[in-house]
Amino acid sequence: MTDNVTSAKPPSPKKSNGNERVQKHKRSRRSTRRKKKGKRPMTPISSLDAVLKGEISVTKQWILPSLVERLRFDAKALRDANAFTQSTIGGRVGEKQTMKQSKRLSECCGLFDDAVNAPKDVGDSNARDTIMSLISDLHATLDEQVTPLGDEMELQYLYYPGDDEGFYGIHIDQQERILGKANRIVSMVLYLNEPDWNVDTDGGSLCAYPEGKSPVTVDPLGGTLVVFHSEKLIHEARPTKRDRWALVGWFLEGSNKRQKT
Ligand SMILES: O=C(O)CCC(=O)C(=O)O
Ligand SMILES: [Fe+2]
């Protein structure tokens, strides 16, 4: 993994006017390409062929429960340190916005800007490094076996409030291809919830709607990883009655593809 920070502009300084959670959209990204193939063992990703077909790949227990717990602790600590902001929808200049803000209630923390800017003693940055290595391996697997990817990705912790029924209405992650931009190609969501999550009482399922197929519902159990095509799969996060935590990422297309588009 390189340490290349490729965000287009420097991270904005933290304000202290009490509006920290409603100020901006996360677009910071970072290279995820490993110089060498990872040696670390990893649970194989289920049904990778689903991704190009516009369906969903679901892998349970992709990471150890202990790492889920550390990442959840890290996310909570960052939120307590005001490193989260209100999530917005779409957000790139020129991107068509077909959803209203009221169709989403969640907060996010960019791993390559907000988390980096938080005080060093907040959270568990070793757990962040560990998951970044695993995601770099995932990047290599997707690049080799699914579709060529660029070196960069976006990565955020997500928090949906349980007391206010957080949710994310029906949407698609990359609504339309933007010329000259690094469009999102493959999306990943890794759930960081407690092991006793119960969809009947807690809600918060991910519902995916592959075209021409039956809908798929995924329980957001800690350690479950979903991977899908950012331009093809319509999906939603159902309202949650319990605080819901996830790590969401988007693998971007490479610059050669950008020029050809
Ligand atoms: O929280 C989830 O389950 C899905 C998140 C999502 O779809 C997104 O951030 O684009
Ligand atoms: Fe999404």
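Modeller: A salt bridge here is a side-chain nitrogen of Lys or Arg within 4 Å of a carboxyl oxygen of Asp or Glu. In this model, which is predicted, the side chains of D74 and R128 meet that criterion, with N and O 2.7 Å apart. The pair joins distant parts of the chain, since D74 belongs to helix α2, residues 65-80, whereas R128 belongs to helix α4, residues 125-145, and 54 residues separate them. D74 has a relative accessible area of 0% and is buried, and R128, at 10% relative accessibility, also counts as buried because the cut-off for that class is under 20%.

K76 counts as partly exposed, with a relative accessibility of 33%. Through salt bridges that share partners, K76 and E194 belong to one network together with R72, D196, D202 and R242. A further salt bridge connects D49 and K53, whose closest N and O atoms are 3.8 Å apart, and here K53, at 52% relative accessibility, counts as exposed. In total the structure holds 15 salt bridges. Side chains of opposite charge can pair when their charged atoms come close.

Turning to the nonpolar packing, the largest nonpolar core has 42 residues, and W62, I131 and Y157 are those with the most contacts inside it. Helices α2 and α4 are among the elements that give two or more residues to this core, as are the strands β6 (152-160), β8, β11 (225-229) and β13 (244-252). Its largest share, seven residues, comes from α4. Leaving aside residues up to four places away in sequence, I131 touches W62, I63, L67, L71, L190 and L247. Another core lies apart from the largest one and has 18 residues, including Y168, V189, V218 and A246. In soluble globular proteins, nonpolar side chains tend to be buried together.

As a setting for these details, the chain contains six helices and 13 strands, and 51% of its 261 residues count as buried. Among contacts with a separation of 6 or more, 83% are between residues 24 or more positions apart. The accessible surface of the chain comes to about 12400 Å², with carbon and sulfur atoms accounting for 50% of that area.

Terms used: Residues numbered from 1 in each chain as written. Chains lettered and ligands numbered in written order. Predicted model: local features only at pLDDT ≥ 70, side-chain atom pairs only at ≥ 80, totals over all residues. Heavy atoms only, no water. Helix = DSSP H or I, 4+ residues; strand = E, 2+ residues; numbered from the N terminus. Buried < 20%, exposed > 50% of the residue type's maximum accessible area, 1.4 Å probe, protein only. Contact = heavy atoms within 4.5 Å. Areas by Shrake-Rupley, 256 points an atom, 1.4 Å probe, with all protein chains shown as cover. Core = buried A, V, L, I, M, F, W, Y, C linked by side-chain atoms within 4.5 Å.
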